[in-house]
Every structure is written in C-alpha cells, then in structure tokens.
Amino acid sequence: MELTNIPYLASSSSSSFFSSYCSSTCRGRRAGKLLLTASAAGGRSAADLAHSQLFEQENEGALSGPRSSWHYKRREFTSAILLPFLLPHADIASAAEAYDGSIIRSGVRNVLTKAKAAGVLRLVFHDAGTFDVSDKSGGMNGSIIYEVDRPENTGLNRSIKILGKAKAGIDDIQKVSWADLIAVAGAEAVALCGGPEIPVRLGRLDSSTADPAGKLPEETLDAAALKLAFSTKGFSTQEMVVLSGAHTIGGKGFGSPIIFDNSYFKVLLEGKPQTSSSGMEAKAMVGLRTDWALTEDDECLRWIRIYAEDQARFFDDFRDTYIKLVDSGVTWRTA
Ligand code: HEM
C-alpha cells in the first residue's frame, strides 16, 4: 500500500505530538496500539545485529535509555485519548495508524546533549553523503552502521552508540529505521545548539549492506574537486557551502563548539591561520584544509560573505539543504 501522506517531523520543541499526528499517516499503529509493518516487525534487522556487534566489540552494557519505556507508553495512552479531539475533520482511523514522529524525537532528546550534537550531525553527512546521482547508489539508508571501520568514519561509533540507546527505547514502542533516527537526530542536534528547526520527513528504509566506499570527499580536496564531489551527490556550490557551515559546531575551532551560528563563515573571512615566528601555525587547529579551500573560489567566497553577514539566510538555506541531504537516495516505506 502506497503512503498517501508522508509524515514530517518538526524538530521544534514547541511542536507537540499534535503537529506530528496532524501531518502523518504512515501505517504502523492501529487504534492507539502498535501494529508494526511487515518490514519493521520482522524481528531483528541486519542493521540491528551489526549495531549489537559494534556494542559487543566495545564491551558495552545494555542499550536501554535513561527513561523507561513506561514514559513512552504513557504518552501513547494520552495520545490515543486526545486524538479524536485534536483532529476535528481528519480521518481518525488513518491518523490513529500514524507513525508517531514525536516518539522518535523524544527518544533522541533523552540521549542528546550539546556536547554530543556535533558528532551526531557529522553522522548524518557520513550516512547520506555516499549518495551518487549517476547510479542512485548510497544515500540516507542507515548503512553507516556497516561502515564504521572506514578511515573517514573514525570516531563515529561513539555517535552510533549514543543513538543506539535511543533506538532501543523507541523500538519498544514502534520500530524506527536507522536512517530516520539519524535524520531526526541531526535535526535535533542543530536545534539543540540554537540552529534552525528542521522538519524531517519520515519513512526511510534501511539498507542491509554497506554503501560503496570512497564516496565521501577527502580532506585534501581543493575547491574545484569539492564542487565536483558535491555535484555528484546532486548539490550545487551554494548548497555545498551552506552544508559546510555544519563545521561551526564541534572541535574544529570555529566559534563555540556547541553553538550553531554563522561564526564558521565569519572566521573563514578573517583569513587563513598565520604562521608564527616559531614556524608553527598560530591557528593550526582552526578548520580543515577543505574549509579554507572554499575561500579560494570566487563562487564559494560569495556565499561565505552572504552567510557571514546574514545568519537568518544561513539558517534558512541550511534547513532547506539539510532536508535535501537527508532525503538523498532514500527508499521510502510503502506499507
Ligand atoms: C566538505 C566536505 C567535508 C569534509 C572533507 C569533512 C571532513 C570532516 C573532518 C575530517 C572532520 C573532523 C573529524 C574529527 O575531528 O575527527 C569533520 C568534522 C565535522 N563534520 Fe565534516 N566534512 C565535510 C562536510 C561536512 C558536512 C556537509 C557536514 C554536515 C552537514 C559535516 C559535519 C561535520 C561536523 C558537525 C563535524 C564536527 C564533529 C565533531 O567535532 O565531533 N561535515 N568533518
């Protein structure tokens, strides 16, 4: 059965389950109870197994989140009681079957902190950024679970482990794909650090295998090569520049590591790190070579200036391009 409406999940803390219900009709629940779809309910997926193995390798304990599933079940009950009053003219039967995005969002919020936000946002790019428009391979499909041993993904196992805790709690209520979970978590990470609120469409299916290797841009690329790399993923130069603004959070030295703002672009305009008398780069820890490479290209520089001067414009464009990123190469649920 094809979905008639696909749920969008606003990352806004002010968007209650009301907005989620009103915008969603993914099949999965019936009359306030959970009925898992065939694809979701078929026991442990290959991704779940790969994730467990990752945990076992690290000799970690149980995956249960900090809040008990009772919290979610109480929410389910409340939702079922209130639903008829919140949906005056809607098809109640359809809405009651909704795939409840608020459960995913709550589960993510339970495990996410500002300090963990950057790693989670990076995870989004490393899952979705394998997309290749030419053969439609890769994309936002949760395959990052199988790719943690690749050199470009060093350190991302920590973020996967964090989201694994959320997934265990959410799966108790309704099965969530890794791809949906990562897409929502990245949006939550941005919002938590003060960035734009990003609605995320739900219903991504997970891949059961790793994506082709070598698809993410290397740190050594110059602007021309970066443009080419992003164009193979369907992104324009402007979209590449605005997505690179994600480096404003995290450990690369652009402003505060936990505040999502336009300081990335402001710092880039301040100029390259200066070499001190000792021969050491005074700001050696600021940015990657690829970040500075953007300043050497006129087209990129034009966008860097725009975003440095206009944070609202940065937020708007980042939101739109993030949505495009997390929808890259997606196979959507149809039942
Ligand atoms: C332009 C091509 C890109 C390259 C070559 C690149 C490469 C890197 C590298 C090498 C790091 C440092 C990882 C570490 O500290 O261990 C990093 C960090 C990060 N990247 Fe990118 N990246 C690119 C684009 C993006 C995009 C498009 C996003 C998201 C939309 C993103 C999100 C992040 C975030 C949030 C961090 C900080 C992670 C942390 O400090 O924990 N990157 N990136």
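Aspartate 310 first. It sits in the loop between helix 14 (298–309) and helix 15 (311–326). Helices here are DSSP runs of H or I, at least four residues, numbered from the N terminus. This is a predicted model: local features need pLDDT of at least 70, side-chain atom pairs count only at pLDDT 80 or more, and totals for chains, interfaces and linings use all residues. Residue numbers start from 1 along each chain, as its sequence is written.

Across the chain, its C-alpha is 8.0 Å from that of asparagine 262, 48 residues apart in sequence.

Next, a helix pair. The axes of helix 6 (residues 101–111) and helix 9 (residues 178–192) come within 10 Å and cross at roughly 60 degrees. Axes are lines fitted to C-alpha atoms over the stretch in contact, and angles run from 0 to 180 degrees between N-to-C directions. Ile104, Arg105, Val108 and Arg109 of helix 6 meet Asp180, Leu181, Val184, Ala185 and Glu188 of helix 9. Contact here requires C-beta atoms, placed from the backbone, within 7 Å. That contact divides into 5 nonpolar, no polar and 4 charged residues.

Now the ligand. Its shell has 18 residues; the closest are Ala118, Phe125, Leu243, Ala246 and Gly250. The shell criterion is a C-beta atom, placed from the backbone, within 6 Å. Helix 7 gives the most, with 5 residues.

Technical notes
Helices (H or I, at least four residues) and strands (E, at least two) are DSSP runs, numbered from the N terminus. Two residues are in contact if their C-beta atoms, placed from the backbone, lie within 7 Å. Ala, Val, Leu, Ile, Met, Phe, Trp, Tyr, Cys and Pro count as nonpolar, Asp, Glu, Lys and Arg as charged, and the others, Gly among them, as polar.
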